[in-house]
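Hello,

Here is the structure I promised to pass on. Please open it first, then read my notes below.

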Amino acid sequence: MENKEVLFSIEHLKKYFNVGRDAVLKAVDDVSFEIYKGETLGMVGESGCGKTTCGRTTIGLYDKTDGKVLFKGKDVHAMTAKEKFEFKKNVQMVFQDPYSSLNPRMTVADIIGEGIDIHKLAKNKEERQQMIYKYLELVGLNKEHANRFVHEFSGGQRQRIGIARALAVQPEFMVLDEPISALDVSIQAQIVNLLIDLQKKMGLTYLFVAHDLSMVKHISDRVAVLYLGTLVELTTSEELYKNPNHPYTKALLSAIPIPDPKIEAQNDKNKIRLQGEVPSPINTKAGCKFAGRCQYAIDICEKQMPQLKDIGNNHFVACHLCSGDIK
Ligand code: SF4
């Protein structure tokens, strides 16, 4: 990874929300990582762990509280209007819910054409139309779909329209915010395969946000595991599945069901079950945020926040026990 071109550099990023008198919700709390050109970085964690907020703050949809996000060396939160306009073309988002993220009053052609118009990417009407057909075909639909409305499509087809809309402005980078979790299991693999195919064809870079690790391993080059706004483990997909270190990652991996019911039943007794819900991210205490649910917690865990440390083999972990803090 060392020689790869860095597209995004996220440095000590914090995004806090004031949620009442003296109450601060730390959605993203001092997170640092890089996204390399051409890769898929998976970002996983239970709902409420800050992964969507992290994705949105990375592409400037939210202001930051502190830290820095650099896109090709440029500060995303300090761009001029002209730079921001260009940046918005380069980065796109595909949303979790294809039912509510597409305007029901617009035809598919107009949904896809909107970005083409805003960024003046077509010389004339004919070219605009040909571009719309091209993007429909790229996502597995066809020109007959162009003049229909979104309610005429299935969930999987709507997500394909959402992807075509994002592609139409010719972005370099896409945040895929749980793009398959609202879809039937039978459709999920089709959408993931489509995204993999499009990445190869168009040289795209993805941040793939998901709440479990099952699909992430098929699509990601590296995986970042988030817990309560902090990064607890970051490594290549292969290394994470072979050698998970953080107790939270181990629990997430252990929760992935095995498709064979017999093996799943045998495996059931070995599963690591997380105790309790994710604690509130409001006014969090000092120490490791996972301490209240961790079966390995020791004294220091309650007092001192573990830092993300390099344990070799492009593998970073934030845990006192895993990163050599305790001898
Ligand atoms: Fe568990 Fe302590 Fe590691 Fe946190 S730092 S994950 S509480 S062992």
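Start with two neighbouring strands. S6 and S7 run parallel, and four bridges join them. One of the residue pairs is Val 94 with its bridge partner Leu 176 in S7.

Please keep in mind that this is a predicted model. The mean pLDDT of the protein chain is 91. Of its residues, 92% reach 70 or more. Strand S4 (residues 66-71) has the highest mean pLDDT among the elements, at 98. H10 has the lowest, at 66. Where pLDDT is low, the predicted coordinates should not be read in detail.

Now back to S7. This strand covers residues 173-177. Is it enclosed or open? Five of its five residues are buried, so S7 is largely enclosed by the rest of the structure. Phe 173, Val 175 and Asp 177 point one way from the strand. Met 174 and Leu 176 point the other way. All of these residues are buried.

S7 also pairs with strand S8 (residues 205-210). That pairing is parallel too, over five bridges. Val 175 has Leu 207 in S8 as its bridge partner. Between the two strands, the chain passes through helix H6 (residues 185-202). This β-α-β crossover is right-handed.

Next, the whole sheet. How many strands form it, and in what order? Eight strands make an open sheet, ordered S6-S7-S8-S3-S9-S10-S12-S11. The pairing is mixed. Strand S6 (91-94) and strand S11 (309-310) stand at the edges. Each has a single partner strand, so one side of each is left without a neighbour in the sheet.

Further along that order, strand S3 (residues 40-44) pairs with strand S9 (residues 222-227). They pair in the parallel sense over four bridges. Gly 42 has Val 223 in S9 as its bridge partner.

Last, a surface feature. Which residues make the nonpolar patch of about 250 Å²? They are Tyr 296, Ile 298 and Leu 321. Tyr 296 sits in the loop between helix H10 (261-267) and helix H11 (299-303). Its relative accessible area is 39%. Tyr 296 therefore counts as partly exposed, since that class lies between the 20% limit for buried and the 50% limit for exposed.

If you go through the model yourself, I would begin with S7 and its two parallel partners, S6 and S8. Then move on to the patch around Tyr 296.

Best wishes

Key. Residues numbered from 1 in each chain as written. Predicted model: local features only at pLDDT ≥ 70, side-chain atom pairs only at ≥ 80, totals over all residues. Heavy atoms only, no water. Patch = residues over 30% accessible without salt bridge, like charges linked within 9 Å, V, L, I, M, F, W, Y side chains within 5 Å. Areas by Shrake-Rupley, 256 points an atom, 1.4 Å probe, with all protein chains shown as cover. Salt bridge = Lys/Arg side-chain N within 4 Å of Asp/Glu carboxyl O. Buried < 20%, exposed > 50% of the residue type's maximum accessible area, 1.4 Å probe, protein only. pLDDT = per-residue confidence, 0-100. Pairing = 2+ DSSP bridges. Right-handed = clockwise from strand over helix to strand, strands pointing away.
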